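Let's take a walk through a protein model together. Have a look at the picture, then read on.

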Amino acid sequence: MSLADPTTTPDDLIKEGSDASFMADVVEASKSQPVLVDFWATWCGPCRTLTPMLEKAVRAAGGAVKLVKIDVDKNPAYAGQLRVQSIPTVYAFVDGQPVDGFQGAVPESQLKAFIDKLTGGTSADSDIEQMMSMGEESLSLNDLGGAAQAFAQVLTLEPTHEGAIAGMARVYLADGDVDQARQTIAMAPAETKNAQVQSVRAQLSLASAAPTGASAELEARVAADPSDHQARYDLSLAQASAGDLKGAVDSLLAIVAADREWNEQAARKQLLVVFEAAGAASDIARDGRRRLSSILFA
């Protein structure tokens, strides 16, 4: 299956501008849609903070506004005409004229408000929510192509959207491409608290821990000797790797019920990983935690 590239971004939303191209890129282009002009320089520290946030905000606006970046050291003419006295300075052009602007690095919330005001409140937030819902629905129906397309569209607008990153990784997992899933989820910050990202990472952890033995062989060993906790533990790993998280929970709870201290509480610790992989709010996690509490506090 060929999946969409989650790193694709619209080429024409963000441009490196110049004095020579200013009329075409800014003045003429602003007659069709608002254009932000970011006057910056390579030596400017605040510019290195503002420009990435500007790019993110413009992508999140979903095509409602464009961004043209102009290095004032290389292109001083229009910066001089517009009386740019400090950088970064951002001007908004509409219908060929500068209509608004600001100086300095401002918070992301202020950038969003600035763009919303410029575009009449237009933003991609509702589109992103709709596409995320489409992706989740497609994934639930095992429509991997449709899910990949929806999540990739979100990442086109907001490349750092952690829910969409996790969604793409889940698509690859469902398609059996563990390596691509691992590469995709690596796009999310290592220290993120996003539950969907943590869930995927837990699933990948389960997949890498799966034993080489077949589930049928392990089931036979458990049936022959119910006290063989290692076989039952290995069976839980195989079940989890195959996506049978409920079966994995059942196997691990059976170990905890028989000997909660076995192998330094390995079964109890592994349960936490399975709960995270299933999702904290999932029925599997909620029911499993309830049953675990019953065993521990009986």
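We'll go from the domains to a pocket and then to a pair of helices.

This is a predicted model, where local features need pLDDT of at least 70, side-chain atom pairs count only at pLDDT 80 or more, and totals for chains, interfaces and linings use all residues. Residues are numbered from 1 along each chain as its sequence is written, and side-chain values use heavy atoms, with hydrogens and water left out.

Start with the domains, whose bounds come from an automatic or database domain assignment. The protein chain has domain 1 (14–120), domain 2 (125–192) and domain 3 (214–297). Between the C-alpha centres of domain 1 and domain 3 there are 56 Å.

Where does the largest pocket lie? Domain 2 and domain 3 both give residues to its lining, so the pocket lies between them. The lining has 19 residues, and S199, Q203, L245, A277 and A278 are the ones nearest the centre. Helix 9 brings the largest share, 5 residues (helices are DSSP runs of H or I, at least four residues, numbered from the N terminus).

Finally, find helix 12 (residues 245–258) and helix 14 (residues 283–296), which pack at about 5 degrees with axes 10 Å apart (axes are lines fitted to C-alpha atoms over the stretch in contact, and angles run from 0 to 180 degrees between N-to-C directions). The two helices are therefore roughly parallel, a label for angles under 35 degrees.

Methods:
1 Å grid on protein atoms, 1.4 Å probe; cavity = no way out; pocket = protein on both sides within 12 Å on 5 of 7 lines; lining within 4 Å. Parallel < 35°, antiparallel > 145°, perpendicular 65-115°, else oblique.
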